[in-house]
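Colleague: I am new to reading protein models, and I would like to learn how to describe one step by step. Could you take me through an example?

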Amino acid sequence: MTYIGIDVSKDSFVVAYSPDKNSKTKTFKNTTKGIHEFIRTISKEEHHCVMEATGNYSALLVYLLSEAGITTSLENPLKVKNFARAMLSTVKTDEIDARLIALYGEKMQPAPYKLRSDAILTLKQKRTVIRQLKKQLIATRNLKGSMEVLPFFDAKCKKSIDKTIAFLEKQIKDLEEDLTSLAKSEYKKQMDLLTSVKGIGITLAAALIMATGGFTYFDNAKQLTRHLGLSPTYQQSGTSVNFKGHINRNGDSSLRSQLYVAAFASLRCNTECRACYDRLRSNGKPGKVAVIAVANKLIRQAFAVVTQEKPYVDGYISSKK
């Protein structure tokens, strides 16, 4: 298997067909036509493409490569950056980056990327737009608040702001309804199982399905916790370094925030979560640390109900020893 490194930007992508220092590179346009031109230069039986996850810029490339049956890996840019440091790389150009990514693939042999379903891609688009519209709504409400304290608030300005706020509220409401409807229709079983967990509502259930592809991307709850950035960090070396750090925060910050809020809600209605929180607080753990532990427990409960296909039973005690 020959690893091909791809450095992706908005308008183009640079391809390194080998990690060798003097190997050839070629630039293609980041369009459907340009990607098909690149695909014609490689073989699906012999080549494995590797690139960094660059959000929307790499989405079309990954989609078309996967559709063509070409093995593709989409890697966390932090992994590639740390690999470059380990290789003592000091010069950065698109061509050098592409060769470095090819070398990363050759040495690390990353796992193939699992193409997201059309339903997951649609849900993610809706969620992204909703988040941006909510930011605009908050900014517009803040603008209105800052204008209201002035000695004189122009009537036309006030009318314009009020209309904008009403428009944004309607768009958010409509998109949230669409998102919920799509999630329930495409992943009804998983949604029903997830919302059976005390503390997980429809919005969080849909977000978890999007992050996990309907709980098909991960083998266990620990992998999911690490992916979401809720795993605790720990550093120990000799006798001088013994440090328990914060959570790794590598994943989706918005989803982490949702889990944190859900963890608070679960303290009122989820017996296991409340017991976990009380135990940690009685052992002297800070409140925030205890809540994060509860968020981890919610993830484990969510993973368990979906993978075992059994609804959550609050206070259930297993008979297994």
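Modeller: We will go from the whole chain to its sheet and then to a pair of helices.

Modeller: This is a predicted model, in which local features need pLDDT of at least 70 and side-chain atom pairs count only at pLDDT 80 or more, while totals for chains, interfaces and linings use all residues. Residues are numbered from 1 along each chain as its sequence is written, and side-chain values use heavy atoms, with hydrogens and water left out.

Colleague: What does the secondary structure of the protein come to?

Modeller: Helices (H or I, at least four residues) and strands (E, at least two) are DSSP runs, numbered from the N terminus. Here there are 12 helices and seven strands, and the C-alpha trace spans about 70 × 60 × 50 Å along its principal axes.

Colleague: What percentage of the 321 residues is buried?

Modeller: A residue is called buried when its relative accessible area is under 20%, exposed when over 50%, and partly exposed in between, using a 1.4 Å probe and protein chains only. In this protein, buried residues make up 39% of the 321 residues.

Colleague: In which order do the strands of the open sheet lie?

Modeller: Two strands pair if DSSP finds at least two bridges between them. The open sheet has five strands in the order β3-β2-β1-β4-β5, and the pairing is mixed. Strands β3 (25-29) and β5 (71-75) stand at the edges with a single partner strand each, so one side of each has no neighbour in the sheet. Within the sheet, β1 (residues 2-8) and β2 (residues 12-16) run antiparallel and are joined by four bridges, and V8 has F13 in β2 as its bridge partner.

Colleague: Which strands does helix α2 touch?

Modeller: Contact means heavy atoms within 4.5 Å. Helix α2 (residues 56-67) packs on the sheet and touches β1, β2, β4 and β5, whereas helix α1 (residues 32-39) lies across β1, β2, β3 and β4 (47-52).

Colleague: How are two packed helices described?

Modeller: One gives the angle between their axes and the distance between the axes. Axes are lines fitted to C-alpha atoms, for helices over the stretch in contact, and angles run from 0 to 180 degrees between N-to-C directions. Helix α10 (residues 253-269) and helix α11 (residues 271-282) pack at about 105°, with axes 7 Å apart. That makes α10 roughly perpendicular to α11, a term for angles of 65 to 115 degrees. In this contact, S266, L267 and C269 of α10 meet T271, C273, R274 and Y277 of α11.

Terms used
Parallel < 35°, antiparallel > 145°, perpendicular 65-115°, else oblique.
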